[in-house]
Each structure stands twice: as structure tokens, then as C-alpha cells.
Amino acid sequence: MKKYLVIGNPIDHSLSPLIHNFWIKKYKVIESVYEKKNIEKNELRIIVDKLRNGEINGVNITVPYKKEIIPFLDAVKGDAELTQSVNTLCKDNNKVYGYNTDTKGFKNSLVNELIDYKDKNVFIIGAGGVSSSILEAFVNTANKIYITNRTKKKADELKKLGDISLSLLGREKKTIEVVNWGEMPEVCDIVINTTSVGLNKNENLNLNFEHYKNNKNALFYDLIYNPKETNFLNEAKLRGNKTMNGKMMFIWQAQIAFQMWTGVAAEIDEELIKLLD
Ligand code: ATR
């Protein structure tokens, strides 16, 4: 039996098993099952060992362990190294490697909607666990990236991480700029909420986006997909902006991990999309 896991704390809300088991069934991936497991921090090493010795065949990592898992791995690769955020583990030659499929998942969600994310001005709200994955999606193509966070120090740290990517790409550090919480940069093409504000339906960021009124080209993207429409998106819709929630990014990050483990390039069909409603 091949066993796949998503680990986090809390984990009850995770919809990853729903997606992966849907594909396991659809593509008749033999004798495989995907489960969720609530774990404590001191169990991270045990999970990695189980992957190394073949008791588990693949792991997804979610909040709050995407960074904390790193010391237990043999290496982090690609976007995981640049973001310092790992959401997928794979074994190769007895070594356990950490990958990040959030960045590519986010890009795929845009490309799939025919949204051009290159050469844009981007405004990232938040500097929490997932924010580095979003920043990484833009560092090599955006014209300008603004970051704001209630706690400014975390936005400064996020910029530092982004600056490493920029220097590897030979781009200027001024591409990323931190703005104070409550201050608005120039009107941007894409505004992304990466904070947890909105997970509870009545929560509000209390940022003023009135200068985006009737701007049909601006895209407001909320990584939250449950609730489907946060106040951030609802207000954007009322202003006449384009909106998108985090559902497709979530499905894409799973699709990439599934392919890494099974070799199957799963199709994202309507049945699956409806399953997550
Ligand atoms: P996680 O790792 O789960 O993303 P996190 O690192 O605490 O959790 O990130 C949560 C994000 O939501 C942070 O950007 C946080 O801002 P702070 O760094 O200032 O805590 C943001 N956030 C949470 N509640 C908020 C609120 N009421 N107003 C503004 N930002 C908030």
C-alpha cells in the first residue's frame, strides 16, 4: 500500500485528501491512499524518517510547518530554497527533498485564466507563511512589487528574501518596496491578500482601495477560498475590479505534487472543482 499524507496543526479543515483521493480513484493509481495527520513540532523528524524508510511515499506540509520542516530535510530544491517554504516532500535515492509547489500553483492559476502576470505592478498584502511563495512568483517578471504587512518587520524580512532572488536574476533591489501598513502605493495591476484576514466571514483588512473604483483591469486576488468571497473580494467586485479566490491555486499546487509522486498529470475537471465547493 502506498501512503501519502498531509501534515499540519490544525489539519481537520484540509481539503487535500479530497483532491488526491479523487485523482487516485480517477487514474486508478493502485493501492494508494492519501490521509491527513495532525502532528506536533517534535514529530517532524519522525515523518521525514518514515518517508526515508518507505513507510510513507509522499508528504504535503501545511501551516505551521512549511518552514520548520526544513532542518530535517537533506535539501530543499527550486522555489523551496528561494521561498524557504516547503509544501511537498519526495524521496530520491534515500534522500528526502523539500519542494514548493505553491509558487507554480499560483502562477498556473493565473495562466489558466489567461491572466498575464508579467511586467505588472503588484501589491502583496501580508508577510505570513504563504507570502514568500507569492513574492517568488513575481520576482523575475514583475515591473514593481510592493509589500505591506501589519507588522512591518516581517515585510522587511520578506523583502530581504525576495532581494536574494532578485540579485540571482541580476535585477535591481528597488524592484521590491515595503510600504507602511495603511499607506497605498501607486495603483497596481494585481493586489493580493496573503493574510488570514477574511477566514472569518466578517473580518476586514481596513485598507482603503477607493482609488481603484471602476478600474476594470485591476485584479484583486485573495488566497482564501473558504469563504468563497471575502470582504476583500466582495468590495473589489462592487468597485468594478476583477476578482479571484485561492481555490484554483490550491488545486494546482496539489496537481503538481500528485504528478511528482505518481507521474500522472491529473486533469483539473469540473467534477473536482465542484467537489471543493
Ligand atoms: P501563517 O503562517 O499561517 O500565514 P502568519 O505567519 O501569522 O500565519 O501570517 C498571517 C498573516 O496575516 C500575517 O501577514 C499577519 O500579519 P502580522 O504579521 O502583522 O501578524 C496577517 N494578519 C493576521 N491578522 C491580521 C489583522 N487583523 N490585520 C492585518 N493583518 C493580519
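Rings and their neighbours

Reply: Lys77 lies over the face of Tyr97, 4.1 Å from the ring centre. A charge counts as over a ring if NZ of Lys or CZ of Arg is within 6 Å of the ring centre and within 35 degrees of the ring normal. This is a predicted model: local features need pLDDT of at least 70, side-chain atom pairs count only at pLDDT 80 or more, and totals for chains, interfaces and linings use all residues. Residues are numbered from 1 along each chain as its sequence is written, and side-chain values use heavy atoms, leaving out hydrogens and water.

Me: Which ring does the charged end of Arg239 sit over?

Reply: That of Phe220, 4.7 Å from its centre.

Me: How many aromatic pairs are there?

Reply: The count is 12, taking rings of Phe, Tyr and Trp (its six-membered ring) with centres within 6.5 Å; planes under 30 degrees apart are stacked, over 60 edge-to-face, the rest tilted. Tyr212 and Phe220 are edge-to-face, because their planes are at 85°, with the centres 5.1 Å apart.

Me: Are those two buried or exposed?

Reply: Tyr212 and Phe220 are both buried (under 20% relative accessible area; exposed is over 50%, partly exposed in between, with a 1.4 Å probe and protein chains only).

Me: Switching to Asn241, what does its side chain reach?

Reply: The backbone oxygen of Asn215, at 2.9 Å. A polar atom of the Asn241 side chain also lies 2.8 Å from the backbone oxygen of Tyr212.

Me: Why does Asn241 count as buried?

Reply: Because its relative accessibility is 7%.

Notes: A polar contact is a pair of N or O atoms within 3.5 Å; within protein, one must be able to donate a hydrogen and the other to accept it, and residues adjacent in sequence count only if both atoms are side-chain atoms.
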